[in-house]
Amino acid sequence: MTILDGKKTSNDIKNEIKVEVDKMKANGEKVPHLAAVIVGNDGASLTYVGSKVRACERVGFESTLVKMSSTTSEIELLDKIEELNNDANIDGFIVQLPLPPQIDTQKVLLAVDPDKDVDGFHPTNFGKMALDMSTFIPATPFGILELLERYDVSTKGKHTVVIGRSHIVGRPMSILMGRKGFPGNSTVTLTHSHTKNITQITSQADIIITALGVPGFLKAEMVKDDAVIIDVGITRVPDETRERGYYITGDVDYEAVSKKASYITPVPGGVGPMTIAMLLKNTLLARERHRAMKS
C-alpha cells in the first residue's frame, strides 16, 4: 500500500513555483498577486485563508486579504468584487465560501471575472473544463489529478466511482476522470445521496474518490482489494479527550480500508494541502496569461 502524500507533494509544487517566481523577480517582472475575500468570522474559513496567505509568502507571491464583516450586504460584496476585477495589479482572487445567508453565492461567483477566477468556479471556466479547453480547474480536483499523475497511478480503462456531486469536487471530478489523457480515460460512475446499492457499486471500483463529509462512511467491505482511495472529506469531530477539543477525520474508515487499498490519501495530509498548492498554480497561470495578453 502506498500513501499518496499530499503534504510532501504540495511542498514539491510550492518549491517549483518559487523557482518560477524567483526567475520573474530576476527578470524584473511583476510577480503573481493573489487576493482573498472573507466575509464574517467562520473559524474554519479564517484558518484556511490564513494558510493561503502564508503559502503566498513562501513562494514569493504578493497577497491581499480583504476582510468584510458578517453583516456585509450583497451589494457591498459585489462592489468589492468589481473593484478587484478592475485592479490590474491583482492576477487572481477567491471569495471564501460559505457566505452569510443574506448573500446569494451564485450571484457572487458569477460576478468574478473568469480570467481572475483562480478557484475555477465560474460557469465559463467550468464549461471550458467540461469541453477539455485550457482553463482554471477547481483547486481540489486539480490537486487530485496532480497526485494521481505524480504517483503514476494508472487511470486508463479503470472504473472510477465518485461519491458526492458537489460543484466544487464531485461533479468536476467525474468529468475530469472521464476526459481523454492522463489522468483520465476511466469509466466514471457518479454516486450521491439517492444512489441505491452503493456498496455494490463501490465494491466494483478500481478508484474511489469520496467527497461526502460523512466521517468513516467508506468501510472496508465496500472496497475491493487493491483499489485506489482518494478521501476528500474533512470533518472536525468533537473529542473532549484531545487538547483541541476535536480531531479531524475523512470519509474513509482509514484503519480498515488502508489494509485493502493499493494507494490511499490520509486525512489530514492528503488532498487538503494539495488544494492550496493548486490555487497557487492557478494564480501563476493567471499571471502568465495576463502577461501574454499584454505582449
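1. Start with Ile234: its relative accessibility is 56%, so this residue counts as exposed (over 50% is exposed, under 20% buried, in between partly exposed, with a 1.4 Å probe and protein chains only). Ile234 sits in the loop that joins strand 8 (228-231) to strand 9 (235-238); strands are DSSP runs of E, at least two residues, and helices runs of H or I, at least four, numbered from the N terminus.

2. Keep in mind that this is a predicted model, where local features need pLDDT of at least 70 and side-chain atom pairs pLDDT 80 or more, while totals for chains, interfaces and linings use all residues. Numbering runs from 1 along each chain as its sequence is written, and side-chain values use heavy atoms, without hydrogens and water.

3. What does Ile234 touch, leaving out residues up to four places away in sequence? Its partners are Ile248, Thr249 and Val267, with contact meaning heavy atoms within 4.5 Å.

4. Now Ser166, which is in the loop between strand 5 (159-163) and helix 7 (170-178). Ser166 is partly exposed because its relative accessibility is 32%. Not counting residues up to four places away in sequence, Ser166 touches Arg171 and Pro172. A polar atom of the Ser166 side chain is also 3.0 Å from the backbone nitrogen of Val169.

How values were computed: Polar contact = N/O pair within 3.5 Å; in protein donor to acceptor, adjacent residues only side chain to side chain.
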